[in-house]
Amino acid sequence: MMKRIVQFYRAVTADLSYCDELFIKAHLSDKELKLFNDMNAYDKCHAVNVAVTAEKMAEQRVDINNELLIKAALLHDIGRDRYTNLWDKVFTVIICSISKSLSLRLAEKNARGIGGKWRRNLYICINHAELSAQKLEKINQKSIAAIVRQHHAEPLPDDNEELVILRKADELN
């Protein structure tokens with residue numbers, strides 16, 4: 001519960017610093033930067049926090065592709081809808097936390113009418129890893145897409161180290 005309160009506070013106060021902007025531009029290509037900038041402010045700040053955490057976790061590890069890890073961390077949530085406001089996101093997180101099966105039944109990609117917006121937001125919340133990977137594949141970033149696609153999947157013994165670190169960094173932020 002405390003983690004969710006901290007996440008909410010960070011979302012309400014989300015603002016990228018000049019140093020954050022420099023960090024982002026140092027690691028993303030123009031096409032990647034466009035995808036990053038399509039996110040809303042609180043998802044951008046979350047992504048930067050995840051990237052910085054991941055970078056620290058990978059320090060002094062020779063078996064890690066740092067650039068791949070940082071790009072994956074910065075881009076792991078680009079599948080979320082930038083037009084989802086914070087209260088809509090809070091609602092979807094609560095529904096997903098209360099009942100995974102209910103959220104799966106309610107989620108609908110092209111929902112319309114009463115509750116359509118929330119049902120679409122649930123769909124995006126549940127499927128954002130796949131949606132993010134699809135956006136990355138469209139700009140020919142298949143190696144990043146492969147990591148991003150699995151960042152909420154159950155861990156497997158043969159998961160690469162970049163994915164393992166991304167999951168841990170995401171969980172911490």
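How much space lies in the second largest pocket? About 170 Å³, a volume being the space filled by probe spheres set on grid points that are joined across faces, edges and corners. A pocket here is an open set of points on a 1 Å grid over the protein atoms alone, where a 1.4 Å probe fits, with protein on both sides within 12 Å along at least five of seven lines; lining residues have an atom within 4 Å of a point.

Before going on, note that this is a predicted model, with local features needing pLDDT of at least 70 and side-chain atom pairs counting only at pLDDT 80 or more, while totals for chains, interfaces and linings use all residues. Residues are numbered from 1 along each chain as its sequence is written, and side-chain values use heavy atoms, without hydrogens or water.

Back to that second pocket: its lining consists of Gly79, Arg80, Asp81, Ile124, Leu131, Gln134, Lys135 and Lys138. Arg80 also belongs to the lining of the largest pocket, where Arg4, Gln7, Arg80, Lys89 and Val93 lie nearest the centre among 47 lining residues. The largest pocket holds about 1400 Å³ of space.

Of its 39 residues, Ile24, Phe36, Leu74 and Leu136 touch the most other members. Beyond its neighbours within four places in sequence, Leu136 is in contact (heavy atoms within 4.5 Å) with Leu35, Leu75, Ile78, Gln141, Ile144, Ala145 and Val148.

Definitions and conventions
A nonpolar core is a set of buried Ala, Val, Leu, Ile, Met, Phe, Trp, Tyr and Cys residues joined through side-chain atoms within 4.5 Å. Buried means under 20% relative accessible area, exposed over 50%, partly exposed in between (1.4 Å probe, protein chains only).
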